[in-house]
Amino acid sequence: YIDDGTGVKCPTTVVELRRLAGPAGKGNKKESKNVVSPPLFPKALDSTSRLARSCLSFVFEVCSAIPERQLHGISALPVWKQDGALDDDETSYGILPQSFITHVGEHMLALVQALEPFASDPDALGLANEVMSGVLEVAVQPWKEFMAAAGCSFKAGYEKSQLEILMRGKDLSKYLLCENEDALEDDMGGNGEDEEDEDEEASTAFCNQWLDVVGLAVAGRLLERTMRIPRLGRKGAEHLATDLNYIRNVFTALGVSGHPHPLLGYVAQLVTLEDGTLRSTIKRRRQGGDAEVSSEAMEVIKRVELRIAYVRSISV
């Protein structure tokens with residue numbers, strides 16, 4: 001057995017076959033640096049790649065089926081239109097998260113135990129990790145729909161890279177969540193807990209990779225549904241803020257790097273922000289008061305703020 005280059009011990013013959021059958025540029029280079037030999041089995045390689053993509057999509061659909069079902073019709077819930085003051089129970093005990101979001105949160109927490117058995121075999125895990133590089137693509141669709149619901153679009157030819165930046169919350173976190181910046185940086189930097197052996201570390205990384213992808217899809221879908229709410233009353237806004245903050249707490253409890261997404265917290269702030277403060281914020285955006293943020297990220301922020309102002313019937 002030898003190291004296959006990823007830290008996994010494999011039979012010498014398997015490593016050699018992978019080298020010969022692998023894609024161009026990944027270990028089958030000729031002696032000349034400028035010449036790369038084609039893969040030995042191009043059709044088999046293409047079929048294997050398509051099979052891997054299908055498997056990733058299948059696992060993702062299974063893992064995200066419950067959140068998708070729970071979030072499907074929430075934009076039309078009558079609770080969002082409720083206006084007026086909170087009743088006595090809500091004032092005394094606070095607003096509780098609604099059932100649809102608690103089901104999503106419970107599913108995300110249970111997903112940890114559901115994934116762990118599939119990461120218990122080091123050999124199988126090593127094979128699975130070889131096809132995990134493109135797993136982020138399966139979570140893109142909810143974010144595309146969020147962009148459409150917010151009225152945003154990226155420049156032609158840059159959609160993929162800019163969408164990934166948005167999904168990862170780059171250029172947004174330090175600007176949107178000033179009061180939670182330290183906590184967010186801790187999440188982004190990972191934790192410094194007890195060291196794990198190699199097998200446990202690989203298992204944790206595999207589970208976290210799937211939690212990250214499913215979490216991104218849930219965040220994107222929840223933001224998309226929020227953008228499609230037709231009207232938001234004062235009491236409805238309080239319920240929405242509670243739901244968003246609940247799912248943020250769930251993502252924080254999971255401890256996956258990069259979560260919760262900064263836009264979840266920002267929308268929770270926007271829906272309960274004083275009318276005059278939101279109005280002045282939008283005015284400042286129009287005057288170019290935040291030039292330090294990239295133009296693509298700023299366009300998303302502007303559209304989200306305008307949409308929230310519209311559903312709250314705040315004239316801007």
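**Salt bridges and charged surface**

A search of the whole predicted structure finds twelve salt bridges, a salt bridge being a side-chain nitrogen of Lys or Arg within 4 Å of a carboxyl oxygen of Asp or Glu. Residues are numbered from 1 along each chain as its sequence is written. The model is predicted, so that local features need pLDDT of at least 70 and side-chain atom pairs count only at pLDDT 80 or more, while totals for chains, interfaces and linings use all residues; side-chain values use heavy atoms, without hydrogens and water.

Arg-231 pairs with Asp-83 in a salt bridge whose closest N and O atoms are 3.0 Å apart. Arg-231 lies in the loop between α10 and α11 (234–254) and Asp-83 in the loop between α2 (42–71) and α3 (88–93), so the pair ties together parts 148 residues apart in sequence. Helices are DSSP runs (H or I, at least four residues), numbered from the N terminus. Relative accessibility is 33% for Arg-231, which counts as partly exposed; buried means under 20% relative accessible area, exposed over 50%, and partly exposed in between (1.4 Å probe, protein chains only).

Glu-305 and Arg-285 form a salt bridge with closest N and O atoms 2.6 Å apart. This pair links distant parts of the chain, with Glu-305 in helix α14 (residues 295–311) and Arg-285 in helix α13 (residues 275–286), 20 residues apart. Glu-305 is buried at 0% relative accessibility, and Arg-285 is buried at 4%. Salt bridges with shared partners join Glu-68, Glu-145, Arg-221, Glu-224, Arg-225 and Arg-228 into one network.

How values were computed: Helices (H or I, at least four residues) and strands (E, at least two) are DSSP runs, numbered from the N terminus.
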